[in-house]
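Subject: Structure handover

Hi,

Here is the structure I promised to pass on. Please open it alongside this note.

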Amino acid sequence: AGKARVFGQAQVSGEARVMKSEDLLSLGPLGSRKSYLTVTFLPAPFLRTGCWEGSLEEFEQAVRETHQENFYGKQYALTIKYLRELISLYKEQVNP
């Protein structure tokens with residue numbers, strides 16, 4: 001029940017659930033392809049950008065392998081740091 005709206009090329013897949021607007025985060029444009037990173041928080045954090053999808057840990061590994069310490073690697077590292085903090089905050093709110 002609600003007023004869900006999906007725009008552009010947004011996709012929710014797998015077991016991701018979006019119950020409230022804060023259950024979904026979209027950041028971008030990021031990286032060399034200037035694409036958007038979409039994060040769903042339920043049932044567990046799940047990331048998607050372009051054709052890539054997976055966990056935050058898998059994303060961090062893919063960034064290291066692809067970009068090392070170049071500009072985009074640093075841009076993604078800051079994004080990962082932000083997401084770690086946000087996920088921690090989200091978990092505190094869901095499980096006080």
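Below is what I found in it.

**Ground rules**

This is a predicted model, so local features need pLDDT of at least 70 and side-chain atom pairs count only at pLDDT 80 or more, while totals for chains, interfaces and linings use all residues. Residues are numbered from 1 along each chain as its sequence is written, and side-chain values use heavy atoms, with hydrogens and water left out.

**Overall layout**

The protein chain has 2 helices and 4 strands. Helices (H or I, at least four residues) and strands (E, at least two) are DSSP runs, numbered from the N terminus. Along the sequence the pattern is β-β-β-β-α-α. Of the 96 residues in the protein chain, 29% are buried. Buried means under 20% relative accessible area, exposed means over 50%, and partly exposed lies in between (1.4 Å probe, protein chains only). Among contacts with a separation of 6 or more, 39% join residues 24 or more positions apart. Contact means heavy atoms within 4.5 Å.

**The two helices**

Two packed helices are described by the angle between their axes and the distance between the axes. Here, H1 covers residues 56–67 and H2 covers residues 71–94. Their axes come within 10 Å and cross at roughly 170 degrees. The axes are lines fitted to C-alpha atoms, for helices over the stretch in contact, and angles run from 0 to 180 degrees between N-to-C directions. H1 and H2 are therefore roughly antiparallel. The cut-offs are under 35 degrees for roughly parallel, over 145 for roughly antiparallel and 65 to 115 for roughly perpendicular, with the rest oblique.

From H1, the residues in this contact are Leu 56, Glu 57, Phe 59, Glu 60, Val 63 and His 67. They meet Tyr 72, Gly 73, Tyr 76, Ile 80, Leu 83, Arg 84 and Ile 87 in H2. By class, that is 8 nonpolar, 2 polar and 3 charged residues. Nonpolar here means Ala, Val, Leu, Ile, Met, Phe, Trp, Tyr, Cys and Pro; charged means Asp, Glu, Lys and Arg; the others, Gly among them, are polar.

His 67 is worth a look. It is buried, at 10% relative accessibility. Beyond its neighbours within four places in sequence, His 67 contacts Ser 32, Tyr 72, Gly 73 and Tyr 76.

**Aromatic residues**

There are 4 aromatic pairs in the structure. Rings of Phe, Tyr and Trp (its six-membered ring) pair if their centres lie within 6.5 Å; planes under 30 degrees apart are stacked, over 60 edge-to-face, and the rest tilted. Trp 52 and Phe 59 make a tilted pair, 5.4 Å centre to centre with 55 degrees between the planes. Trp 52 is partly exposed at 24%, whereas Phe 59 is buried at 3%. The rings of Phe 59 and Tyr 76 have centres 5.3 Å apart and planes at 90 degrees, so this pair is edge-to-face. It links distant parts of the chain: Phe 59 in H1 and Tyr 76 in H2 are 17 residues apart. Trp 52, Phe 59 and Tyr 76 form one aromatic cluster.

**The core**

The largest nonpolar core has 16 residues. Such a core is a set of buried Ala, Val, Leu, Ile, Met, Phe, Trp, Tyr and Cys residues joined through side-chain atoms within 4.5 Å. Leu 37, Val 39, Leu 47, Phe 59 and Leu 83 have the most contacts inside it. Strand E1 (24–30), strand E2 (35–40), H1 and H2 each give two or more residues. H2 gives the most, with 5.

Leu 37 touches residues including Leu 25, Leu 47, Phe 59 and Leu 83. Leu 30 lies in E1 and is buried at 10%. Leu 30 touches Ser 35, Leu 37, Gln 75, Tyr 76 and Thr 79, not counting residues up to four places away in sequence.

**Backbone points to check**

- The peptide bond from Gly 28 to Pro 29 is cis, with omega near 0 degrees. Pro 29 is in E1.
- Lys 34 has a positive phi, near 55 degrees, and is not a glycine. Lys 34 sits in the loop between E1 and E2 and is partly exposed at 48%.
- Gln 68 also is not a glycine and has a positive phi of about 45 degrees. Gln 68 lies in the loop between H1 and H2 and is exposed at 51%.

Best wishes
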